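Subject: Structure handover

Hello,

Here is the structure I said I would pass on. My notes on the helices and the charged pairs follow below it.

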Amino acid sequence: MESQPTAKTLHNRINTNISQLLQRFENIMATATVNNTSHTATAVETYQLDVESTALIRAAEDILSLTRTMKEMWLFGKLDEVGEDDRDVERREKLEEDVLAVQKAVEAGQLSKLSPE
């Protein structure tokens, strides 16, 4: 099985697929609006439409594959870990330490000393 993708990899893949879908659709629409009566031009346009529609389908299939990967990651609990890098881990640990310090201060009654009576 392949290694777990990072958040940056997933975002890049999403952006690439979206741009491919849009570009291929634009190419199909541009080809479809050309009015030529020659057989050669019609054959070329038909080939272009075939190539562009195949690429459009491939991009859609890749998006489906991506959603399946993300569903599997969510189901097995690994989706939450995707976005965490060293800085996020340090920030989360610092926040947990701060919460524990405040909790201890509340339990010890030290917060009442800080507020004026």
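In helix α3 (residues 86–108), R92 and E96 are 4 residues apart, which means that about one helical turn separates them. Please keep in mind that this is a predicted model. The two side chains form a salt bridge, with 3.6 Å between the closest N and O atoms. R92 is partly exposed at 35% relative accessibility, and E96 is also partly exposed, with a relative accessible area of 43%. As background, an α-helix has 3.6 residues a turn, so residues three or four places apart point the same way.

The count of salt bridges comes to 5. Two others link helix α1 with helix α2:

- D62 and R13 meet through their side chains at 3.1 Å, N to O. This pair links distant parts of the chain, D62 lying in α2 and R13 in α1, 49 residues apart. D62 has a relative accessible area of 26% and is therefore partly exposed; R13, at 25%, counts as partly exposed too.
- R24 and E52 form a salt bridge at 3.1 Å, N to O. Here R24 sits in α1 and E52 in α2, 28 residues apart, so this pair also links distant parts of the chain. E52 has a relative accessible area of 12%, under the 20% cut-off, and is therefore buried.

As for α1 itself, the helix covers residues 7–32, 26 residues in total. From first C-alpha to last it reaches 38 Å, close to the 38 Å expected at 1.5 Å a residue. Its buried residues include L10, N17, I28 and T31, and the buried residues of α1 pack against α2 (39–75).

Regards

How values were computed
Residues are numbered from 1 along each chain as its sequence is written. This is a predicted model: local features need pLDDT of at least 70, side-chain atom pairs count only at pLDDT 80 or more; totals for chains, interfaces and linings use all residues. Side-chain values use heavy atoms; hydrogens and water are left out. The expected span of a helix is 1.5 Å times one less than its number of residues. Buried means under 20% relative accessible area, exposed over 50%, partly exposed in between (1.4 Å probe, protein chains only). Contact means heavy atoms within 4.5 Å. A salt bridge is a side-chain nitrogen of Lys or Arg within 4 Å of a carboxyl oxygen of Asp or Glu.
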